[in-house]
Structure formats: structure tokens, C-alpha cells
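Okay, everyone, settle in. Have a look at the sequence and the model while I talk.

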Amino acid sequence: MKKIKKTNAARILDNLGVNYEIKTYEVDESDLSATHVAETAGLDIETVFKTIVARGDKTGVIMAVIGGGEEVDFKSLAKASGNKSVDHVALKELLPLTGYVRGGCSPLGAKKNYPVYLDSRALNQEKISVSAGQRGMQLILSPQDLIRAANATVAEIIKT
């Protein structure tokens, strides 16, 4: 069996003594969507969460972790994060800010410890899946463990 190289996100979980599983899947560069990740990795889309990197007018860079089939509600995210307005960071800023590329952005182990906001619907799941910090690799863990590891704030931050 091929040995899986640990990512920074996995090492953070190891250091905290968090139980998690690493799930690998085949990457399709033409479709980096969470829906495609769920299908390829054999995961339920309800359990696959994606990380959106945004910038608030007061706090600067923040991360929103939302369900793979959902869309972030920037007004709700602004309210939860103490900002008046929040918007996506430009794609070209993603790597310099986080050290991650699109389709491989983890809420753990970024270049800086940005504030993380986890959508409250994650608490409905026993286990959720988030990027391990590289394309083709997901971390599967309990929402409570992600909250602890990322020091995340739970809030309702998706469009309904």
C-alpha cells in the first residue's frame, strides 16, 4: 500500500490527539467542485465541507467552512465575524495568503491562523470531510474536533 504523506492539517490533528481518517481520491483538474469530490471519494455530499476564503472590511482574511452543495451567505458571515461586509478573496490571492490552491484549501494549517467560521449544519453530521490541504485528499473527523482544532466559531452562514 502506498504511504500517504501527511499534510500540515493532518499534523495539527496528530498534535492535538484528534482521531481522523484520510480519504484520497482521483483529482479532476477540470472539476474541483465539492460535488465531484463527494462522488469520486465515495462520500455523501451532506458530509463534504468546502473552505471559502474571504476578507472582511474590519477583520481582514477569514475562512468559512460550509456544506459542499451550499453557497456562503456573505451578509450572515459578515455579521458572525463582526464585519460590515465580507467578500471572496481573489483566486490569485489564495496561494499567497493561505499556502493552499483552489480545490485543496483546508481550514487547518494555513500560513496564518485565520478566524474560521463553520456553518452550524455541520453539527447535524457525526463526521464531516474537509480538505487535508492538497487536492485529492480529505480529512474525515467529527465537527466538534474540527471546531477545537481550528478554534472555529459555529454560525449560520449559508444561503437558505
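I'll walk you through a strand and its partners, then a loop residue.

Before that, some housekeeping. This is a predicted model, so to speak about local features we need pLDDT of at least 70, side-chain atom pairs count only at pLDDT 80 or more, and totals for chains, interfaces and linings use all residues. Residues are numbered from 1 along each chain as its sequence is written, and side-chain values use heavy atoms, with hydrogens and water left out.

Let's go to strand β7, residues 137-141. Helices (H or I, at least four residues) and strands (E, at least two) are DSSP runs, numbered from the N terminus. In β7, 5 of 5 residues are buried. Buried means under 20% relative accessible area, exposed means over 50%, and partly exposed is in between, with a 1.4 Å probe and protein chains only. Which way do they point? M137, L139 and L141 go one way, Q138 and I140 go the other, and all are buried.

Now the partners. Two strands pair if DSSP finds at least two bridges between them. Strand β1, residues 21-24, pairs antiparallel with β7 over 4 bridges, and T24 has M137 as its bridge partner. Strand β6, residues 128-131, also runs antiparallel to β7, joined by 4 bridges. There, S129 sits opposite I140. The β6 and β7 hairpin has 5 residues between the strands, and G133 takes a positive phi near 110 degrees.

Last stop: G42, in the loop between α2 (34-41) and β2 (49-56). Is G42 buried or exposed? Exposed, with a relative accessible area of 64%. Its C-alpha atom is 9.4 Å from that of K23, 19 residues away along the chain.
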